[in-house]
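This briefing is meant to be read with the model open beside it. Please look through the sequence and the fold before turning to the points that follow.

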Amino acid sequence: MKVSDILRVKGNTLYTVTPDEPLAKAVEVMSEKDIGSLVVMEHGDLVGMLTFREVIQALQKNGGSVGTMLVRKAMDDAPLTCTLETDMDEVRRMMLNQHARYMPVMDRRMLMGVISFYDVAKAVVDSQNFENKLLKAYIRDWPEQSESA
């Protein structure tokens, strides 16, 4: 299974923000859309990720308020990325090793979507359920062995 399989099922709705937007506006968008991340884009290029982790860290550093802080000051400016062709086992390994909950999917320099750890886990469970159904059908339809040998 590849990342493209997840995006095909999930869709590729993207929510972005620029690095010079107020962090408060980004938090508002995340809350309104009920999402845990925003891709930070500047001049058509991926320049960072803003997740609830970075927002919480910014709140802690700023005494519980985002104040006039810009997204640029809070974002992860070196986010982990993958491609449409990245294998799911590799994505899981990368996300686990880096404690990443969200990963932009790139095709060269073009942003194709974002996958979450939830998306990856769901794909794995769905795949296992499908395999289990196939195995049960195979066993159920297996011709009975003749007792006369």
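How many aromatic pairs does the structure hold? In this predicted model, the structure holds one aromatic pair, and it is formed by Phe52 and Tyr102 in an edge-to-face arrangement, with 6.2 Å from centre to centre and 85 degrees between the planes. The pair links distant parts of the chain, since Phe52 belongs to helix H3 (residues 52–61) and Tyr102 to strand S5, 50 residues apart.

**Overall layout**

- The secondary structure of the protein comes to six helices and six strands, and from the N terminus on the elements follow the order α-β-α-β-β-α-α-β-α-β-β-α.
- Of the 149 residues of the protein, 33% count as buried.
- Among the contacts between residues at least 6 apart in sequence, 55% join residues that are at least 24 apart.

**The sheet S1-S2-S3**

- Three strands make up an open sheet in the order S1-S2-S3, and the pairing within this sheet is mixed. S1 and S3 stand at its edges with a single partner strand each, so one side of each is left without a neighbour in the sheet.
- Strand S1 (residues 16–17) and S2 run parallel and are joined by two bridges; Thr16 has Val39 of S2 as its bridge partner, while the partner of Val17 in S2 is Val40.
- S2 and S3, by contrast, run antiparallel and are joined by six bridges, with Leu38 standing opposite Leu50 in S3.
- S2 and S3 form a hairpin with two residues between them, and His43 in the turn has a positive phi of about 55 degrees.
- Strand S2 (residues 37–42) is mostly covered, given that five of its six residues are buried.
- Together with helix H2, the strands S1 and S2 make a β-α-β unit that is right-handed.

**The sheet S4-S5-S6**

- Another open sheet of three strands has the order S4-S5-S6, again with mixed pairing. Its edge strands are strand S4 (82–83) and strand S6 (110–116), each of which pairs on one side only.
- Helix H1 (residues 3–10) packs on this sheet, where it touches S4, S5 and S6, and the direction of H1 makes about 80 degrees with that of S6.
- S4 and strand S5 (residues 102–107) run parallel, and two bridges join them; Cys82 stands opposite Val105 in S5.
- Helix H5 (residues 88–98) also lies across S4, S5 and S6, and runs at about 135 degrees to S5.

- Which residues of H3 are buried? The buried residues of this helix are Glu54, Val55 and Ala58. They lie on the same side of H3 because they cover an arc of only 100 degrees around the axis.
- These buried residues of H3 pack against helix H2 (23–33), strand S3 (45–51) and helix H4 (71–74).
- On the other side of H3, Ile56 and Gln60 are exposed.
- H3 is followed by Gly63, which has a positive phi, near 65 degrees.

**Gln98 in helix H5**

- Gln98 lies in helix H5, and this residue counts as exposed because its relative accessible area of 53% is over the cut-off of 50%.
- How far apart in sequence and in space are Gln98 and Pro79? Gln98 and Pro79 are 19 residues apart in sequence, and their C-alpha atoms are 9.9 Å apart in space.

Technical notes:
Residues numbered from 1 in each chain as written. Predicted model: local features only at pLDDT ≥ 70, side-chain atom pairs only at ≥ 80, totals over all residues. Heavy atoms only, no water. Pairing = 2+ DSSP bridges. Helix = DSSP H or I, 4+ residues; strand = E, 2+ residues; numbered from the N terminus. Contact = heavy atoms within 4.5 Å. Axes fitted to C-alpha atoms, helices over the stretch in contact; angles between N-to-C directions. Phe/Tyr/Trp six-rings, centres within 6.5 Å; stacked < 30°, edge-to-face > 60°. Buried < 20%, exposed > 50% of the residue type's maximum accessible area, 1.4 Å probe, protein only. Arc of directions from axis to C-beta. Right-handed = clockwise from strand over helix to strand, strands pointing away.
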